[in-house]
Amino acid sequence: MAKFKASFRANYPHLCRGCKLIVVDGTQFVNPDHDRTLRGHLGTHPVTFKQIVENEIFPEVCLPLADLCEAGSSQKNLIVCVCKSGVHRSVALKAAMEDAVVHNLHHGSEESLQTLDLQKDEWSDTGKCRKGCPFCHAGSQENRPTMKKAFDLLRDIVLSLIHIS
């Protein structure tokens with residue numbers, strides 16, 4: 001992981017400057033792209049999203065989140081979810097952890113969290129669904145149970161890091 005972090009810092013210095021780099025390695029999951037019916041969709045498609053969150057290794061894969069800096073720290077957190085192509089596993093992981101991070105670190109303030117998909121520009125070039133795809137919206141009705149499960153699994157990993165004096 002040290003090699004990856006060094007490479008990421010070298011290639012994205014503007015993102016890494018002043019940040020604690022937390023890497024969540026999605027390559028440990030089976031690639032959902034093997035299912036041909038899901039290839040044109042993102043990791044937030046209900047089938048893919050559920051496969052990732054309900055996988056027995058999901059909490060273990062997300063353990064690096066325990067190293068987040070506490071809220072109010074002068075150092076910001078940069079969570080990088082990685083996989084092979086940045087379409088399925090990393091997108092699912094990002095969506096799955098957002099609520100736990102916002103709730104535990106930022107008192108529920110979504111404005112405190114910025115997300116970025118580095119491969120997003122490639123999605124349309126490779127035939128992946130567009131932003132308006134009704135299946136791949138993380139907040140869809142069909143994804144709500146999976147989002148809740150992800151939150152429940154991650155709340156103990158992303159402990160409330162708010163310093164109490």
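Rings of Phe, Tyr and Trp (its six-membered ring) pair if their centres lie within 6.5 Å, and the planes count as stacked under 30 degrees apart, edge-to-face over 60 and tilted for the rest. The model is predicted, so local features need pLDDT of at least 70 and side-chain atom pairs count only at pLDDT 80 or more, while totals for chains, interfaces and linings use all residues. Residues are numbered from 1 along each chain as its sequence is written, and side-chain values use heavy atoms, leaving out hydrogens and water.

**View 1. Ring pairs join Phe 4, Phe 8 and Tyr 12 into a cluster.** The structure holds 2 aromatic pairs. In the tilted pair of Phe 8 and Tyr 12, the centres are 4.8 Å apart and the planes 35 degrees. Phe 8 is buried at 7% relative accessible area, whereas Tyr 12 is partly exposed at 27% (buried is under 20%, exposed over 50%, partly exposed in between, with a 1.4 Å probe and protein chains only).

**View 2. Thr 48 sits in helix α3, residues 46-53.** Helices are DSSP runs of H or I, at least four residues, numbered from the N terminus. Thr 48 is buried, with a relative accessible area of 0%. Beyond its neighbours within four places in sequence, Thr 48 contacts Pro 32, Leu 38, Leu 42, Gly 43 and His 88 (contact means heavy atoms within 4.5 Å).

How values were computed
Helix = DSSP H or I, 4+ residues; strand = E, 2+ residues; numbered from the N terminus.
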